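Welcome! Take a moment to look over the molecule below, and then we will walk through some of its features together.

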Amino acid sequence: MNSRIDVFHEQNDLLELVRKEPTHRNYWNVYKRIKQLDFSTMEIPPSQGINIALMSSFTIDPLAIYLDIYCRLEGLFPEIYIAPFNRFQEEIINEQSGLYQSQPDIVILFIEVESLLEDMFRVKFPQTNIKDKQTELDRIIQNLIQLLTLLNQRSESLILFSNFVLPTFSPFGILDNKQEIGFKRFYQLLNTRLEKSFRNNKQVFIFDLNEVASSYGKDRYMNYSMNYRGSLLFKDSFLPHVSYELMGYIKALKSKNRKCVVLDLDGTLWGGIIGEDELDGIKLNVTYPGNEFVDFQRSLLSLNNRGIILAVNSKNNLDDALEVFQKHPFMLIKEKNLAAYRINWNDKVQNLIELSKEINIGLDSFVFLDDNPIERERIRTSLPDVHVVELPASPTLFRQALEKMNDFNTLSLTREDLNRGKMYYARRKRQVLEQQVQSIEEFIKSLNIVAKIKFADDLVLPRITSLLNRTNQFNLTTRRYTEAEIHQMFSNSERYLIYTLEVLDKYGHEGTVGVAIVKINSVETYLIDSFLMSCRVIGRKIETTFLYKIIKDVQKKKVENLEAEYIPTKKNSLVKDFYPKHGFKLVEKRNDGYMRWVFHPLESKIIYPEYIQVVEE
Amino acid sequence: MMTKAQDIYEDIICKILLLERNMINNDISQKNLEIWDSMTHLALVSELEQAFDFFLSDDDIIEIKTIGDIKKILGKHGINVT
């Protein structure tokens, strides 16, 4: 009997209750019963584990119920540390506190501003002069900055500080915004200044609780009676909304975010059926009916412009459908916005698998939008990794459904994200060329590739972290590092060399697409700790150029051994033979497929493709 | 046949205190049921208040020590369960 599988099934059976009927007492029940399961026999891979620390000025325990279960529904296994009630300052200041011992990946703080103010603040506010209000603002902000900075220095975790919910009450009543700093404005200024203080901090995020409360309803998010009875500030029914928003960060942190939206056409991007209603008959217009589809496309394009890939999977005649993209005056999404499309009469499951191969991202990166419930069911049952959105029956609600999703988040926005929409189009053009040109070498030559290889600078560290954590296929060791760890390596240049690879070709700039980390073990021996490339540039011999540059550098330093490793994963069999192909010799092979190689730069040579121009900086 | 109130009452007791329906008895108390701590107590109160749409007084909340007490308090609010 396999106890690992058993406990997993038991958990899944329990989760079924909240999947079917998500009431508060079901969540309570499932949470408590999962707590009683014994996970000790289960080896949880780091990618699925997450340590969360909750700290607050009120009793936050019930939020843990939802956070815990939401994580589990996403396939994660959370450990949640709840700091003692209203002890967040001590927990941060004391290095031996439970907070630090819990080694959190993410720390979430919910602090009511009242806990930082004197008891009579609200009483005195109408009589307080502007100077004293400003002094009080400064004091609170300085206090919080100090506290968060200390936490930030002591921990590598992501820090979410929940902002302050703007009150609906003011002692000034309708005259509140006639004051220079009214009661509500006081809270608003705190929030604005907090955001500003941490805008450039990559670890500290201000969680917009004010927005979540507004969206849920400020008249009903607080539980007054339970707050007086037991400091339970939030209504039970508000907790799922807070947790849902928090999951946006957790999914980004654990690389559970989605990269590509796959769209159906008839009934999804426009109303009607192009094959029957023809170009002037489909519903796509600036006025109703049809404006709801145009508006939906606007939201899709705004996501596309921040780096979310769009693709099409539709049952249609290709020419009919393309005519809409090319000729319809109100069709906002154009062919150039699509990374790939499958417009045919084939099974949509098969199409999705092909799209995954063509775009070179896993099925777990896909979101599938289709107005047809049967197609949704087909995908959901056949390809469980794909996130199938339960689109509302009316297209007037499509935009809202899309905008409510928390699956597209990343923890930083890179230049590559902002250009990704265009890059995939350039790539598709390249593939067309690939089909016309005969030999692969000829084709690669015709691309006029330039590889820019340089040592990392601090501007590119977020991109490096993102590549290290998201690259699965062309990744020799799949070692995941946090941005803080990368920072440490970066500042320890006697021990680590961090290379980046940028690629340009005649269709455009691919941006930073490769990373190599070389660890200096001794004067004679260097080790390639990590070597990876985005799948966008695979198959153009750029990898050889990249490796060549590293070998050349170590040759210069008269290093005798350049060691390298291959650590097998489910996804990286592509690079199993990468090192032997380049003349590395096997020194160790383990049962689990791990292999260690060595290259002697002073004795051996590597042949590199001369048609790739190398720019070194 | 089971009344709706009876069903809701049993569902709350079972879900919050992690009991099976046939395990419910008047003598189960904060003292002899480990999971029934102060947080669980508030969860029970909150669920009962929401389900039956009343407010329990401070005295009621403190007086509840056993499942029997819960029945008594519910009866006081005109909700009869067995």
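Which residue stands opposite Val388(A) in S10(A)? The residue is Phe368(A). Before we follow that pairing further, some ground rules. This is a predicted model, in which local features need pLDDT of at least 70, side-chain atom pairs count only at pLDDT 80 or more, and totals for chains, interfaces and linings use all residues. Residues are numbered from 1 along each chain as its sequence is written, chains are lettered from A and ligands numbered from 1 in the order in which they are written, and side-chain values use heavy atoms, with hydrogens and water left out.

Helices (H or I, at least four residues) and strands (E, at least two) are DSSP runs, numbered from the N terminus. Two strands pair if DSSP finds at least two bridges between them. Strands of a sheet pair through backbone hydrogen bonds, either parallel or antiparallel.

Back to Phe368(A), which belongs to strand S9 (residues 366–369) of chain A. S9(A) is joined to strand S10 (residues 387–388) of chain A by two bridges, and these strands run parallel. S9(A) also runs parallel to strand S6 (residues 260–263) of chain A, with four bridges joining them; here Val261(A) stands opposite Val367(A). In a regular strand the side chains alternate between the two faces of the sheet. You can follow this in S9(A): Phe366(A) and Phe368(A) point one way, Val367(A) and Leu369(A) point the other way, and all are buried. Buried means under 20% relative accessible area, exposed means over 50%, and partly exposed is in between (1.4 Å probe, protein chains only).

Leading up to S9 of chain A is a loop from helix H15 (348–359), and Asn360(A) is found there. Asn360(A) is buried, at 18% relative accessibility. Most residues other than glycine have a negative phi, and most peptide bonds are trans. Asn360(A), however, has a positive phi of about 70° although it is not a glycine. Another loop of chain A, between helix H12 (274–277) and helix H13 (291–304), holds Pro289(A). The bond that joins Tyr288(A) and Pro289(A) is a cis peptide bond, with omega about -5°.

Now find an open sheet of five strands in chain A, with the order S2-S1-S3-S4-S5 and parallel pairing. Its edge strands are S2 (77–82) and S5 (204–207), each of which pairs on one side only. Within this sheet, strand S3 (residues 106–110) and strand S4 (residues 158–162) of chain A pair in the parallel sense over four bridges, and Ile108(A) stands opposite Leu160(A).

What about antiparallel pairing? Strand S13 (residues 508–520) of chain A pairs with S14(A) in the antiparallel sense over seven bridges, and a hairpin of four residues joins S13(A) to S14(A). Val518(A) has Ile528(A) as its bridge partner in S14(A). S14(A) is also joined to strand S15 (residues 561–566) of chain A by four bridges, and these two run parallel. Nine of the nine residues of strand S14 (residues 525–533) of chain A are buried, so this strand is largely enclosed by the rest of the structure.

Next, look for the rings. Rings of Phe, Tyr and Trp (its six-membered ring) pair if their centres lie within 6.5 Å; planes under 30 degrees apart count as stacked, over 60 as edge-to-face and the rest as tilted. By this rule there are 37 aromatic pairs over all chains. Phe186(A) and Tyr187(A) form an edge-to-face pair, 6.4 Å centre to centre with 75° between the planes. Phe186(A) is buried, with a relative accessible area of 0%, and Tyr187(A) is buried too, at 4%.

Finally, turn to chain B, where Glu10(B) is found in helix H1 (residues 4–17). Glu10(B) is buried, with a relative accessible area of 12%. The side chains of Glu10(B) and Arg21(B) are joined by a polar contact of 3.1 Å. (A polar contact is a pair of N or O atoms within 3.5 Å; within protein, one must be able to donate a hydrogen and the other to accept it, and residues adjacent in sequence count only if both atoms are side-chain atoms.) In the loop between H1 and helix H2 (38–52) of chain B lies Leu18(B), which has a positive phi of about 55° although it is not a glycine.
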